[in-house]
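Open the model in your viewer and show both chains. This tour goes selection by selection.

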Protein chains: 2
Amino acid sequence: LKAYLDCYPCFLRQALDAARMATDDAATHLRILQGVASLIAELPPETTPIEVGMETHRLIRELASCADPYRSVKRTSNDHALFLLPGLRQRVVESPDPLLAAVKLAAVGNVIDFGANPGFDLDRALEEGWAADLGGSDLPEFRRRVAQARDILYIGDNAGEIVFDKLLVEQMVAGGARVTFVVRGGPVLNDATLEDASYVGMDELAEVVSSGVRSPGTILRDAHPDFLDRFHRAELMLAKGQGNFEGLSDVAGPLFFLLKVKCPVIARHLGEELGALVLRASTVDRNGRK
Amino acid sequence: LKAYLDCYPCFLRQALDAARMATDDAATHLRILQGVASLIAELPPETTPIEVGMETHRLIRELASCADPYRSVKRTSNDHALFLLPGLRQRVVESPDPLLAAVKLAAVGNVIDFGANPGFDLDRALEEGWAADLGGSDLPEFRRRVAQARDILYIGDNAGEIVFDKLLVEQMVAGGARVTFVVRGGPVLNDATLEDASYVGMDELAEVVSSGVRSPGTILRDAHPDFLDRFHRAELMLAKGQGNFEGLSDVAGPLFFLLKVKCPVIARHLGEELGALVLRASTVDRNGRK
């Protein structure tokens, strides 16, 4: 998904948010905004939003001399979600349709996003998400694929959200699949890393691997060969969140996207309402046709 | 008022809105956004938002080959407000405090703004504004000054809004003052020009002059000498809207600002709520001290 013109103002807004997360120095905030403005003044066609995000966060780390500005909010998000986990698991287990319940909760967890959605309210998203229907009509196919797959590649998104992902991974494992859980190649935005996966105990359920890319989404071009190998061999893939959708929307399945719609551009692109929980199969075939 | 960093994303958002108003050509939209991004990548310190607006709209006129992209919406705004005018005048006349009523309605009219506030709802703003209190506590001083002044310089803002301004100009004239009404030096955004003043009949109430500046706010440095002369001789000045506030916030009185608060930056700067109607005296003395 290449950047729409409507993304341009948001690039600066997200850069400013991130700059303020990284340092209190106003002169550095200005230099960061100027750097991102220069970047978007000469964006090559076909650039995706997560490529702009990758460059933005690299610039911020450099100019603010801060390796991981979101370290503390990632920890808080993980702790908050871990506190909720037993109750959420109870909901899944007691649900007449545990897989659907886990899919919905994993999508709700995607609200935890300091990039597109910095003012999120997890408790409200939980309440509304639990009551809402799942957008799209790809659940039956997803259900069938999960039941058949022996190996599933699960591409995670954010810290905190990764705890909600555990519920869905548990369902997959209970169905007999082995799950490989993918995290980012290093700290970027509030995205989940190996450290987060370990902190929340994802490594007890799944093999955890890094994509090798330090971008707030999956960019195959820059990914680690080991990840690419797993990606191309996977029987079934699930990619969480807008960033992974932006990076993989032109990639062939068996690939599903699971996300909460958090910006008007994605909403329009998917034909869904802002705030909707969406499970969507990739519409691209193995030859790259839509 | 110099541009805050929070204004930077909004510069791009407003540029995109204006680009789409000027042309349907997506390649031109992109060139415009790239041009504005280059501009804000190297903004000199102390640049005000209306200077960015002036450059943005100049760039759009050039790249889209469109001299006045807002011509049609300005006409619609004037017509809508003229349709409402008799009823509004009735409200003023029947009010126990006609000057306050006219001040409030003139502030409500400031909601008509395709820059900071493109999704405005005039009818709702009218309903809420009429019921609300006027922010700030400078009404008594303003009332006193209006009663004493023989010459008042009234710096207008937007098309449509200028019809609401007529109600307040009528009160000033009824109090014995001569009013000079100031419009922009040429079409820029949806700001009122000589053509709008003539269209709504402002020239029957006041002498209408141009500031000589084609910016969505008053920039004294670039203004016409005749306007500057009137500005420095005025017994009392009233400047409408955020753009004039941005340009004149560091200028000494007797100068009052009357506006509807339409963005978080102005809200924070003024210590008022988003949406508030505010009458505020300049806090700068003749020596430039605050």
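Predicted model: local features only at pLDDT ≥ 70, side-chain atom pairs only at ≥ 80, totals over all residues.

Now select the buried residues themselves. They are A:Cys7, A:Tyr8, A:Pro9, A:Phe11, A:Leu12, A:Ala15, A:Leu16, A:Ala18, A:Ala19 and A:Ala22. Look along the helix as you do. An α-helix has 3.6 residues a turn, so residues three or four places apart point the same way.

Check the length of the helix next. α1 of chain A has 16 residues (7–22), which at 1.5 Å a residue should span 22 Å; the end C-alpha atoms are 22 Å apart, so the two agree.

Move to the interface. Chain B gives 18 residues to the contact, and chain A gives 18 residues. Together the chains bury about 1,500 Å², with 71% of that on carbon and sulfur atoms. Pick out B:Leu5, B:Pro9 and B:Ala41: these supply 33% of the area chain B buries against chain A, more than any other three residues.

Which charged pair should you zoom in on? Select A:Asp6 and B:Arg20, whose side chains form a salt bridge (2.9 Å, N to O). The interface holds 2 salt bridges by the rule. Residue pairs in polar contact between chain B and chain A number 2.

Finish on the chain B side. Color α1 (7–22) and α2 (26–41) of chain B; each supplies at least two residues of the side touching chain A. The largest share, 9 residues, comes from α2(B). By type, that side of chain B divides into 12 nonpolar, 3 polar and 3 charged residues.

Notes: Residues numbered from 1 in each chain as written. Chains lettered and ligands numbered in written order. Heavy atoms only, no water. Contact = heavy atoms within 4.5 Å. Buried area = accessible area lost by both parts, 1.4 Å probe. Salt bridge = Lys/Arg side-chain N within 4 Å of Asp/Glu carboxyl O. Polar contact = N/O pair within 3.5 Å; in protein donor to acceptor, adjacent residues only side chain to side chain. Helix = DSSP H or I, 4+ residues; strand = E, 2+ residues; numbered from the N terminus. Nonpolar A, V, L, I, M, F, W, Y, C, P; charged D, E, K, R; others polar. Expected span 1.5 Å × (residues − 1). Buried < 20%, exposed > 50% of the residue type's maximum accessible area, 1.4 Å probe, protein only.
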